Amino acid sequence: MNDSVTLHGPYEISADPARVDAARVHQWLSTDAYWALGRSRAKQDAAIAGSLNFGAYDGSSGEQVAYARVVTDRATFAWLCDVYVAPGARGSGLGTALVDAVRAHLEPFGLRRVLLATADAHGVYEKVGFKPLNDPESWMALGGQ
């Protein structure tokens, strides 16, 4: 896995799974992310273990300040999820930079499609090329409606 570091102001964005602070990520998502409220630590740890993980870290302290996760077969498809920026790091463009770093990391795989779902951050994702589905009527879901 390419775990190179991308810089964004005082932050380092990395795909190195060893840098992910799983306890912090669980705290953020289970208490402050509308899509993951109440998610158990065991469920979050399993999600981390089965995914590509990206973090943004304060360049001076090393403290993790953002997270994103990608579920992928590394050949045809990926789902970008669990994108979270800590409140103190918001407003600097870090969310956009994190998603852009994820997109760049996935590019060599030649994926046909990368999907995500958001209730409130469309502008962040549009800045790096995401757009609404052309034919949403053809997509279906099992559970989680």
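Tutor: A salt bridge is a side-chain nitrogen of Lys or Arg within 4 Å of a carboxyl oxygen of Asp or Glu. This is a predicted model, in which local features need pLDDT of at least 70 and side-chain atom pairs count only at pLDDT 80 or more, while totals for chains, interfaces and linings use all residues. Residues are numbered from 1 along each chain as its sequence is written, and side-chain values use heavy atoms, with hydrogens and water left out.

Student: How many salt bridges does the structure hold?

Tutor: There are nine salt bridges. In one of them the side chains of D82 and R39 meet at 2.8 Å, N to O. D82 belongs to strand β5 and R39 to the loop between α1 and α2, so this pair ties together parts that are 43 residues apart in sequence. Helices (H or I, at least four residues) and strands (E, at least two) are DSSP runs, numbered from the N terminus.

Student: Which side chain meets D82 in a salt bridge at 2.9 Å?

Tutor: That side chain is R69. R69 is in strand β4 and D82 in strand β5, 13 residues apart.

Student: Are D82 and R39 buried or exposed?

Tutor: Buried means under 20% relative accessible area, exposed over 50%, and partly exposed in between (1.4 Å probe, protein chains only). Both D82 and R39 are buried. D82 has 4% relative accessibility, and R69 is buried at 7%.

Student: What does R90 form with D32?

Tutor: R90 and D32 form a salt bridge whose closest N and O atoms are 3.6 Å apart. The loop between β5 and α3 holds R90 and helix α1 holds D32, so the pair ties together parts that are 58 residues apart in sequence. R90 is partly exposed, with a relative accessible area of 45%, and D32 is partly exposed at 40%.

Student: How is the sheet to be read, and in what order do its strands lie?

Tutor: Two strands pair if DSSP finds at least two bridges between them. Here six strands form an open sheet of mixed pairing, in the order β1-β2-β3-β4-β5-β6. β1 (5-8) and β6 (113-115) each have a single partner strand, so one side of each is left without a neighbour in the sheet. β3 and β4 are antiparallel over six bridges, with F54 paired to A68 in β4. β4 and β5 are likewise antiparallel over six bridges, and Y67 has Y84 in β5 as its bridge partner. Eight of the nine residues of β4 are buried.

Student: Where does R74 take a positive phi?

Tutor: R74 does so, near 60°, in the hairpin of β4 and β5, which has four residues between the strands. In the hairpin of β3 and β4, with five residues between the strands, G62 has a positive phi near 80°.

Student: Which residues is H26 in contact with, leaving aside its neighbours within four places in sequence?

Tutor: Contact means heavy atoms within 4.5 Å. By that criterion, and with those neighbours set aside, H26 touches R39, S40, R41 and Q44. H26 is found in helix α1 (residues 22-32) and is buried, with a relative accessible area of 16%.
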